[in-house]
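Reader: Hi! I have a structure open and I'm a bit lost. Could you walk me through it?

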Amino acid sequence: MPPAEHFAAPPNWEWWILAYFFFGGISGGSYAIGTLLRLVGTPADQRAARIAFIASFVALLPCPLFLIADLGQPLRFINMLLDASGGGLSFKPWSPMSLGSWALLGFGLFSFVSFLGAVADGGWHAADPIARILRGTIGAVWNVIGTGLGFFVCGYTGVLLAVSNQPVWSDGWPLGGVFLASSLTGAAALLLLLARSRRDVDAGTSVRLELADRNFVVLEVVLIAVFLVTVAVAGTIGKMSGVWLLLWLVVILGLAAPFAFTRVDAARRWAPVTAPILALLSVLALRALVIFSAQT
Amino acid sequence: MGFFTDTSICIGCKACEVACKEWNQLEGNKPELLLDSFDNTGQLDAQNWRHVQFIEQIPDNNGVVMNPTPIAGGQAWLMMSDVCKHCQNASCLEVCPTNAIVRTEYDSVFIQQDVCNGCRDCISACPYGVIGFNEKTGTAHKCTLCYDRLQNGLQPACAKACPTESIKFGYLDDLQAAADKRLAALQTAGYKKAQLYGRDAKVYGGLNAFFLLMDEPEVYKLPSAQNATLPSRNNLAGYAGGFVTAVVGLVAGVLAFRSQRMNEKTDATR
């Protein structure tokens with residue numbers, strides 16, 4: 001296979017897009033972990049599940065704002081969903097941006113309803129009817145569909161970059177998987193941080209979240225390795241070196257933190273807060289690295 | 001309809017750039033000293049819908065020609081008036097999420113300014129770096145093939161202005177026949193590297209603005225036929241990779257939550 005040739009101009013997707021990729025990933029990942037805790041966790045895990053659904057919706061709230069702010073014509077954001085030229089809906093399944101817009105809308109609905117259920121369980125009785133519905137089989141089905149959409153929101157951002165003609169992005173088809181795995185890692189870290197800050201969350205839940213976090217990290221490391229191989233084969237890996245090695249360092253520190261802090265005695269007492277924060281920074285750094293390095 | 005740009009007779013006068021800016025009322029970018037031969041516009045973008053490239057293949061200080069050509073003892077000064085290719089399989093049109101980019105009755109690729117919302121997905125997709133973002137309008141811009149002139153029976157401004165007829169406009173069949181004839185004449189005269197780019201379907205299903213080049217496409221910053229691939233090539237692999245990751249992620253999560261739960265149950269039994 002010959003090395004890839006790129007003569008495309010950069011789209012100048014910068015800070016708004018980075019913020020969206022980060023918060024969108026955390027939101028989708030939190031929802032998925034919330035569903036896992038709810039469906040396969042113990043009764044003691046249900047408090048953490050509630051936190052996960054609340055975190056998912058709160059992280060999702062600014063996402064449409066980030067995307068709209070990035071548009072050259074923000075008031076035309078609705079053109080992503082409605083066809084302004086031909087009438088009807090604007091839906092192009094082969095365009096990740098089009099598909100992602102619809103997925104974000106759908107996931108927003110699922111995340112909002114699950115959020116209402118979670119706050120009702122926490123004592124906000126106005127939403128009790130929703131909480132009652134979500135406790136049964138309907139709730140399980142709702143969570144599973146929401147998780148599917150949440151996963152899509154986590155991963156399509158990587159596919160969006162890959163479906164281009166930009167160096168690095170279009171050379172690395174595994175980007176969708178990389179971002180999805182990274183979202184799970186970041187969400188697990190955030191939930192660990194939130195769970196440890198509350199006394200009403202069961203200590204066993206934190207242990208289970210830690211184990212899940214480490215599993216997600218292993219998955220992410222494997223996918224990053226596959227991504228780097230594809231970019232190296234295309235001959236564009238050099239774009240992610242130089243000054244970007246600093247961000248790689250942050251990524252590596254965040255990935256190593258869940259393992260290193262539990263094994264080094266001196267670091268163990270810092271682990272509850274430091275490891276999740278490093279993991280979250282790693283999620284942000286990975287996206288910044290991919291977004292910015294390709295466009296310089 | 002489309003363009004046939006014969007680079008072998010381009011003299012780098014930039015009349016096409018000027019005519020394009022004049023007709024389409026493009027302000028142009030702030031002048032910059034690019035130190036790149038006679039180029040003072042740099043690239044195609046929102047303000048430059050035609051861009052004349054100057055490619056110097058002359059000896060360096062040691063008398064070595066880096067990329068020798070069969071022209072003038074290995075030396076050449078290649079010029080090419082670059083423009084949107086109006087691809088048959090257009091990457092920009094493929095990814096545009098709002099349907100702002102459409103194919104017109106002239107078979108050209110056109111950005112509807114009243115629909116574009118400035119997401120810039122088309123810019124990331126265009127393999128030729130043709131499309132630019134206009135900060136004032138907040139939308140993407142590129143060559144329209146002078147859609148308004150065509151509607152009034154006029155040819156595009158650049159083709160009209162070109163003094164050497166390096167830029168020819170017309171029906172594709174006629175242009176292709178003229179290109180084949182010109183290529184044969186050049187090859188007979190010894191220009192072995194002369195080649196047509198985008199004349200047939202090998203590059204994006206064929207280009208409505210195709211070129212006669214005097215060297216390899218890469219020299220003119222054009223991807224070779226092998227590298228001219230649509231963004232959608234990564235759709236299936238990208239989503240499949242995401243799906244497999246989601247399944248493995250779920251299994252990893254279930255294993256973590258179930259295994260610990262089993263441990264707790266075992267401890268409770270003891």
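Reader: Thanks! Can we start with chain A: what share of its contacts with a separation of 6 or more links residues 24 or more positions apart?

Author: Happy to! In chain A, 73% of the contacts with a separation of 6 or more are between residues 24 or more positions apart. Two residues are in contact here if their C-beta atoms, placed from the backbone, lie within 7 Å. This is a predicted model, where local features need pLDDT of at least 70, side-chain atom pairs count only at pLDDT 80 or more, and totals for chains, interfaces and linings use all residues. Residues are numbered from 1 along each chain as its sequence is written, while chains are lettered from A and ligands numbered from 1 in the order in which they are written.

Reader: Good to know. How many helices and strands are in chain A?

Author: Chain A has 11 helices and zero strands. Both kinds of element are DSSP runs, numbered from the N terminus: helices are H or I with at least four residues, and strands are E with at least two.

Reader: And what about its overall dimensions?

Author: The C-alpha trace of chain A spans about 60 × 55 × 30 Å along its principal axes.

Reader: How much of chain A is buried?

Author: Of its 296 residues, 52% count as buried. Buried means that 20 or more other C-beta atoms lie within 10 Å of the residue's own; exposed means 12 or fewer, and partly exposed is in between, with C-beta atoms placed from the backbone.

Reader: OK, so what is chain B made of?

Author: Chain B has seven helices and 10 strands. Its radius of gyration is 25 Å, well over the 18 Å that the globule rule gives for 270 residues, so chain B is more spread out than a compact globule. Its C-alpha atoms fill a box of roughly 95 × 50 × 40 Å along the principal axes.

Reader: Which domains is chain B divided into?

Author: There are domain 1 (2-229) and domain 2 (234-269), with bounds that come from an automatic or database domain assignment. The C-alpha centres of these two domains of chain B lie 51 Å apart.

Reader: Switching topic: how many residues of chain B are in contact with chain A?

Author: 56 residues of chain B are in contact with 60 residues of chain A. On the chain B side, H7(B) gives the most, with 21 residues.

Reader: Last one: which residues touch the most other members of the largest nonpolar core?

Author: Among its 161 residues, those are A:Ala52, A:Leu175, A:Ala188, A:Leu191, B:Cys92 and B:Cys122. A nonpolar core is a set of buried Ala, Val, Leu, Ile, Met, Phe, Trp, Tyr and Cys residues joined through C-beta atoms within 7 Å. Helix H7 (residues 175-196) of chain A gives the largest share of this core, 13 residues. Domain 1 and domain 2 of chain B both give residues to this core, so it lies between them.

Key: The radius of gyration is taken over C-alpha atoms; the globule rule is 2.2 Å times the number of residues to the power 0.38.
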